[in-house]
Amino acid sequence: MRLKVLGTQSPYNTKGHNCPGFFLQDGNDRLLLDCGSGSHSLLTYPVDLQNLSVIVTHLHRDHYNDIYNLLYTSAVFHDQKRIEKPIEIYLPQTPAAIVTDISNEKNAFAKYHEINAEKTIHIGNMKINFCRTDHGVETYAIKIQNGSKTIVYTSDTSYSAKDRIAAFAQNADLLICESSLLKEHGFPEINAHLTAEQAGRIAKSAHVKQLALTHFWPEEDPQKYVAEAGKIFANVMALNEEQIIDVEI
């Protein structure tokens, strides 16, 4: 499995940095985890729309804004006979008004599916499961398993879901974990997001092999997050746009 980082910032994108997006390719199968503002600019068209599935973890704009660009592009390339298979879009069931707005988009070549904590998806050799997090709106962490290898993406979450997420991510090869906050700023333990230290604690509890931090505040140096998490969990890095990570099967 090859992972390409498309976006690591929130709540807004800046020059050279996009809102959340992660592109995973396994053979001819392609999976996009979230599609925040600007993230679509790092896809390769039209090839990356071939056999593409998109999972939106929750319907906050920094995680789904670019879905409309993808939908419109899919319609254009389908009209040009450059893609034959519709994009498969997986969405939470709420907020209902946003789900309706996305799924009723007329300029699209796509099929739509719901996700929930009980659902299992199979995309080629990839098995995908979901875990509900605590984040105000319906939000899911995602686990992708392929052979003996596992990648887990927490999406956005409060530390109140730490035990649930740690159990979900047990022994993962790679944990992509949001770390929006820094402990030095005095945030309360339970917030809408994680501090880098809390991300490190979840990684340690889950016994993952590697922790990859993301969802940075644009004005902060990502290495500050690494330093904070690194006091708890040794094998930690900050993700960057266009970074490639190979998780060998």
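1. Accessible areas here come from the Shrake-Rupley method with a 1.4 Å probe, and for residues only the protein chains shown count as cover. On that basis the protein chain has an accessible surface of about 10600 Å², of which 46% belongs to carbon and sulfur atoms.

2. On the source: this is a predicted model, in which local features need pLDDT of at least 70 and side-chain atom pairs count only at pLDDT 80 or more, while totals for chains, interfaces and linings use all residues. Residues are numbered from 1 along each chain as its sequence is written, and side-chain values use heavy atoms, with hydrogens and water left out.

3. Overall fold. The protein chain has six helices and 14 strands; helices (H or I, at least four residues) and strands (E, at least two) are DSSP runs, numbered from the N terminus. The radius of gyration is 17 Å, close to the 18 Å that the globule rule gives for 249 residues, so the chain is as compact as a globular protein of that length. That radius is taken over C-alpha atoms, and the rule is 2.2 Å times the number of residues to the power 0.38. Along the principal axes, the C-alpha atoms fill a box of roughly 55 × 35 × 35 Å.

4. Of the 249 residues in the protein chain, 56% are buried. Buried means under 20% relative accessible area, exposed over 50%, and partly exposed in between (1.4 Å probe, protein chains only). Contact means heavy atoms within 4.5 Å. Among contacts between residues at least 6 apart in sequence, 59% join residues at least 24 apart.

5. Strand β7 (residues 120-123) runs antiparallel to β8, joined by four bridges; two strands pair if DSSP finds at least two bridges between them. Thr120 has Asn129 in β8 as its bridge partner. The hairpin of β7 and β8 has two residues between the strands, and Gly124 takes a positive phi near 60° there. On β9 (residues 140-146), six bridges join the strand to β8, again antiparallel, and Lys127 has Gln145 in β9 as its bridge partner. Five of the seven residues of β8 (residues 126-132) are buried, so this strand is largely enclosed by the rest of the structure.

6. Cis peptide bonds. The bond from Tyr45 to Pro46 is cis, with omega near -5°, and Pro46 sits in the loop between β3 (29-35) and β4 (52-55). The bond from Thr94 to Pro95 is also cis, with omega near -5°; Pro95 is in the loop between β5 (87-91) and α3 (96-103).

7. Positive phi outside glycine. His207 has phi near 55° and lies in the loop between α5 and β12 (211-214). With a relative accessible area of 52%, His207 is exposed. His215 has phi near 65° and lies in the loop between β12 and α6 (222-230). At 4% relative accessibility, His215 is buried.

8. Which residues does Ser179 contact, leaving aside its neighbours within four places in sequence? They are Leu194, Thr195, Ala196, Ala199, Leu213, Thr214, His215, Phe216 and Tyr225. Ser179 is in the loop between β11 (174-178) and α5 (196-206). Its relative accessibility is 0%, so Ser179 counts as buried.
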